[in-house]
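Please read this short briefing alongside the sequence and the model. It is written for a reader who has not seen this structure before.

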Amino acid sequence: MGKDVGQAQYSREQRQQFRRKVRRGLDAFEQMLAQRHFDSERPLTGLEIELNLVNEQGRPSFHNAEVLAEIADPDYQTELARFNIELNVAPRPLPGDSALELEELLRGSLNQADQSAGRVGSQIAMVGILPTLRVSDFDGDWISANTRYTALNDSIFVARGEDIELDIEGPDGERLQACADSIAPESACTSVQLHLQVSPADFAPHWNAAQALSGPQVALAANSPFFDGRRLHAETRIELFRQATDTRPVELKNQGVRPRVFFGERWVTSIFDLFEENVRWFPALLAEVDEEDPLDVLAAGGTPSLAELCLHNGTIYRWNRPIYAVVREQPHLRVENRVLPAGPTILDTMANAAFYYGAVHSLVESDRPVWSRLSFAAAEDNFHQCAELGLDAEVYWPSFGELGVDELVLRHLLPLAQQGLQAWGVSAGVIDRYLEVIEGRCKTGVNGAVWQTRTVAALEEQGRSREDALAEMMARYLEHMHTNEPVHSWPLP
């Protein structure tokens, strides 16, 4: 959800003060990286899952406040729109059977939350973009009752000065062209965020590895092929999120001003590179000022929260985001991987996580890091190709050249993921269970996006309208989601 704020609008003086505090925070952070100990002796992983709420017809249910009141669990929080909620999972170590225990915990928690949602006429759906969602659904009272979201919406439109234009074309020529007078379309994009705690010295190689891996990750997990009734990209969420939060009118785009949804421009040598770029390139959207002076706290031997620096960082949407946080007076650093869509099942989600953690570990430990042989531009091109085409994408990879992403995974990345998980001390049972899911997707050519599009196409061939086909597909999706069987094994009409 991001850090709460106390007001929706800020004066010019507040924005100037905020900029000064952000820069003092950056100075303090630089000193901490050079001098202080960060908690990294026991690497931890974390997980956030964004969820949709639907009614009995599979359409968005704008009742998250009522649902959260029924769930009554602090692990569940609001998200941007009233048909979104988020589940936050406490950090935990990866070795042994921890992942199997987490899978059971998640299934139990979500089943109980779904039962609670049912008492107020809603169901929980794990999907990258709700297939039945329409742009017209945002005409009413769509935004959650949280000052942060109102402040973000207002700041983006003040910076932009005009409505947002959405323009996305799918592989068969179906095209979304629409205007939005709010950031509401961003709320269509529900994701899974994977966290990995690392030391300052290890941050750069882990971030670089995550960037290189992001294309294959998206291709394997794509689960967002429909929006506003149209068949668009395999993972439409990537392009929709970029356009829906764009603070730049067309003239600033033409000048090369960077978007806030940002893949990046280069491999990094330190986490400081990313925070420094954020401060140098992006104006503040939120300008909440904390009383703490980070340099004074640091000089006194304390641990600064770096509140302004972190708040600013939270409004720049890198697909792999740097995180600084303090827990019990101990600072730590994390890579937050944000490329994955939600769903289709908890098993699929855990398989995506296992593949990521294992492959990243092996890429980091490689004698010749992939980022020393792969241009950053090629990594970014892989990412966008995989978002658009999913498992049909062709990618470039050192030593392999141009090849299908499914072949790259089977021949190279899947063995790396296995080796990485073994090096983590993960049990053989965990490795077999989750990596077999990734292998199954590659061999069948079916992920969430493929299952959705094939199901809708089959229903349309039977004479259903697109609207009816999407509704029926969503009903079947929810039924299969509750079985926890991997999506590549789901039956087609």
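Predicted model: local features only at pLDDT ≥ 70, side-chain atom pairs only at ≥ 80, totals over all residues.

Residues are numbered from 1 along each chain as its sequence is written, and side-chain values use heavy atoms, with hydrogens and water left out. Helices (H or I, at least four residues) and strands (E, at least two) are DSSP runs, numbered from the N terminus. Buried means under 20% relative accessible area, exposed over 50%, and partly exposed in between (1.4 Å probe, protein chains only).

**Charged residues**

- E86 belongs to strand β3, which covers residues 84-92.
- E86 is buried but has no salt bridge (a side-chain nitrogen of Lys or Arg within 4 Å of a carboxyl oxygen of Asp or Glu).
- The nearest side chain of opposite charge to E86 is R338, 7.6 Å away; Lys and Arg count as positive and Asp and Glu as negative, while His and the chain ends are not counted.
- The side chains of E86 and N88 make a polar contact of 3.4 Å (a pair of N or O atoms within 3.5 Å; within protein, one must be able to donate a hydrogen and the other to accept it, and residues adjacent in sequence count only if both atoms are side-chain atoms).
- On the surface, D139, D163, E165 and D181 form a patch of negative charge (residues with over 30% relative accessible area and no salt bridge, like charges being joined within 9 Å).
- D139, in the loop between β4 (123-125) and α4 (147-160), counts as exposed because its relative accessibility is 68%.

**Backbone geometry**

- Most residues other than glycine have a negative phi, and most peptide bonds are trans.
- R328 is not a glycine, yet its phi is positive, at about 50°.
- R328 sits in the loop between β12 (320-327) and β13, and is exposed, with a relative accessible area of 78%.
- N484 also has a positive phi, near 65°, in a residue other than glycine.
- N484 lies in the segment after α16 (466-481) and counts as buried, because its relative accessibility is 4%.
- The peptide bond from G343 to P344 is cis, with omega near -5°.
- P344 is in the loop between β13 (330-341) and α11 (346-365).

**A residue in helix α3**

- L105 is part of helix α3, residues 98-118, and is partly exposed, at 44% relative accessible area.
- L105 and V89 are 16 residues apart along the chain, and their C-alpha atoms are separated by 9.6 Å.

Notes
Patch = residues over 30% accessible without salt bridge, like charges linked within 9 Å, V, L, I, M, F, W, Y side chains within 5 Å. Areas by Shrake-Rupley, 256 points an atom, 1.4 Å probe, with all protein chains shown as cover. Charge placed at Lys NZ, Arg CZ, Asp CG, Glu CD.
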